[in-house]
Amino acid sequence: DVDVAGDPAYRITIGPGLLDDGARLTSALRGRHALIVSDSNVAPLYADRLEAMLRSARPNLSIARFELPAGEHEKTLSRFGDCLDALARLGATRDACVFALGGGVVGDLAGFAASCWMRGIDIVQVPTTLLAMVDSSVGGKTAVDLPAGKNLVGAFHPPRAVVADTAMLRTLPDRELRAGLAEVVKYGAIFDAGFLEWLEANRVALLERDDAALAEAIARSCRYKADVVARDPFERGERALLNFGHTFGHAIEAEQGYAGSADGLNHGEAVAVGMVLAARLSARLGLAPRADAERLQHLLTAFGLPVEVPAGLSPDALLARMRLDKKAAADGLRFILWDGAGQARVVAGVDEAQVLAVLATPSDPS
Ligand code: NAD
Ligand code: ZN
């Protein structure tokens with residue numbers, strides 16, 4: 001278990017079989033109403049079991065479901081409105097609880113709905129993707145997308161509890177597992193070189209979905225995120241380090257048209273490329289050893305993740321996207337750069353010529 005300090009403080013519980021732990025799932029429940037939010041892939045697999053567990057733990061609970069069609073393109077204001085309508089139909093009172101059963105799309109949308117319904121009701125995150133277990137379910141950021149950009153509308157709304165049943169990862173498509181591993185690698189890259197070594201040593205077990213290896217990777221990742229979020233809940237400072245690889249990654253995602261496009265990179269894949277680019281940029285600027293950048297590239301490659309900018313995306317177009325990034329500040333392009341494995345910092349005013357050079361130079365010549 002990982003405890004997250006803050007308001008409210010909450011506990012992340014990790015392990016196989018937790019979806020059948022009714023007491024754990026309902027430990028934060030205060031009222032008589034629960035809404036299970038899920039998507040069209042996850043609901044058929046797990047929603048009946050979750051509902052049965054809630055019912056057996058709390059026989060008087062009034063439970064409804066809201067199901068999104070699966071996919072990033074459904075994380076919209078209109079679906080958010082539908083979710084609020086579902087709470088209205090349920091007659092949800094201020095002590096109602098939302099259960100977000102799904103990946104980051106479900107967690108973000110359900111979390112935002114919970115933050116708004118009657119100015120804020122409880123939410124329990126039941127993440128079902130590796131990415132959601134290590135990242136989106138922890139830290140309280142919620143959002144939906146607008147046509148103008150991703151995550152433009154949202155709120156900070158920490159959950160009451162996070163219950164991560166690693167057995168649910170067995171049905172996750174391989175590509176989604178690898179996307180989650182990219183964010184796991186990110187924690188090692190910015191916080192702990194020793195964790196990168198652990199990942200190198202355990203890469204086969206992780207790809208084979210060994211329960212113990214996954215549980216350890218998730219717990220360690222959540223610990224890093226929980227610590228930084230507790231110190232900087234509203235991203236005024238060091239929480240920004242979690243955006244390592246994301247300035248490049250978001251530019252790639254935006255330029256190819258968000259995840260919607262079937263052959264484009266998903267978020268984790270774009271972040272994998274972005275981390276390698278950020279590491280190369282750091283080496284180029286003389287901040288980090290080139291060998292560290294190469295090692296990061298090898299680890300991501302071993303996890304089956306891409307490490308080069310997809311063909312067809314122009315460096316100039318990507319640079320233009322980065323100038324528009326909401327993290328770009330008045331002081332010019334801002335990146336999370338590396339002082340070597342395990343150490344990162346925010347650097348503002350990065351020279352655009354150096355960024356272009358990194359975007360235009362595929363794999364390292366050395
Ligand atoms: P996702 O929610 O779209 O899930 C990926 C796919 O896997 C979907 O098709 C889903 O239906 C399917 N799926 C989920 N769990 C499954 C399971 N156990 N078995 C079989 N299929 C399953 O994507 P994601 O990668 O989990 O999340 C991405 C979203 O998270 C993005 O919208 C991103 O903006 C958001 N995010 C938020 C934060 C945050 O701090 N709030 C952090 C990172 C990412
Ligand atoms: Zn990310």
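Which residues does Thr 128 touch, not counting residues up to four places away in sequence? The list is Val 42, Tyr 46, Leu 101, Gly 102, Gly 103 and Met 168. Keep in mind that you're looking at a predicted model. The chain splits into domain 1 (2–171) and domain 2 (174–360), and ligand 1 lies between them, because both domains give residues to the shell around it. Let's walk through it topic by topic.

**How the two domains meet**

- The C-alpha centres of domain 1 and domain 2 are 26 Å apart.
- Where the domains touch, 24 residues come from domain 1 and 26 residues from domain 2.
- On the domain 1 side, strand 1 (2–4), strand 2 (10–15), helix 5 and strand 8 are the elements that give two or more residues.
- Helix 5 has the largest share of that side, with five residues.
- Sorted by class, the domain 1 side of this contact has 14 nonpolar, six polar and four charged residues.

**Around ligand 1**

- There are 29 residues around ligand 1, and the ones that come nearest are Asn 41, Gly 103, Gly 104, Thr 129 and Ser 136.
- Helix 2 (42–57), helix 4, helix 5, strand 8 (149–156) and helix 6 (174–191) each put at least two residues into this shell.

- An unreviewed UniProt entry gives the feature "binding site" at Gly 104, Val 105, Val 106, Gly 107, Asp 108, Thr 128, Thr 129, Lys 141 and Lys 150.
- You'll find Gly 104 in helix 4, which covers residues 104–116.
- Gly 104 counts as buried because it has 25 C-beta neighbours inside 10 Å, and the cut-off for buried is 20 or more.
- Apart from neighbours within four places in sequence, Gly 104 is in contact with Thr 129, Leu 131, Ala 132 and Ser 136.
- Thr 128, the residue from the opening question, sits in the loop between strand 6 (122–127) and helix 5 (130–136).
- Thr 128 is buried too, since 30 C-beta neighbours lie inside 10 Å.

- Glu 183 belongs to helix 6, and its 26 C-beta neighbours inside 10 Å are why it counts as buried.
- Setting aside neighbours within four places in sequence, Glu 183 is in contact with Leu 131, Val 134, Asp 135, Gly 268 and Val 271.
- His 246 is part of helix 10, and it's buried because 23 other C-beta atoms lie within 10 Å.
- With neighbours within four places in sequence left out, His 246 is in contact with Val 271 and Gly 274.

**The nonpolar core**

- As a general rule, nonpolar side chains in soluble globular proteins tend to be buried together.
- Here, the largest nonpolar core has 119 residues, and Val 37, Val 98, Phe 99 and Ala 278 have the most contacts inside it.
- Helix 11 (residues 267–284) gives the most to this core, with 11 residues.
- Domain 1 and domain 2 each supply at least three residues to the core.
- Val 37 touches Phe 66, Cys 83, Val 98, Phe 99, Ala 100, Leu 101, Val 106 and Ala 110, once you skip residues up to four places away in sequence.

- Met 275 is in helix 11, and it's buried because 30 other C-beta atoms lie within 10 Å.
- Beyond its neighbours within four places in sequence, Met 275 is in contact with Lys 186, Ala 189, Phe 244, Gly 245 and Leu 296.
- Met 275 and Asn 243 are 32 residues apart along the chain, and their C-alpha atoms are separated by 9.5 Å.
- Asp 263 is in the loop between helix 10 (246–256) and helix 11.
- Asp 263 counts as exposed because it has 6 C-beta neighbours inside 10 Å, where the cut-off for exposed is 12 or fewer.
- Asp 263 and Gly 249 are 14 residues apart in sequence and 16 Å apart in space, C-alpha to C-alpha.

Terms used:
Residues numbered from 1 in each chain as written. Chains lettered and ligands numbered in written order. Predicted model: local features only at pLDDT ≥ 70, side-chain atom pairs only at ≥ 80, totals over all residues. UniProt positions renumbered as here; feature names shortened; annotations may be inferred. Helix = DSSP H or I, 4+ residues; strand = E, 2+ residues; numbered from the N terminus. Contact = placed C-beta atoms within 7 Å. Near = placed C-beta within 6 Å. Domains from an automatic or database assignment. Core = buried A, V, L, I, M, F, W, Y, C linked by C-beta atoms within 7 Å. Nonpolar A, V, L, I, M, F, W, Y, C, P; charged D, E, K, R; others polar.
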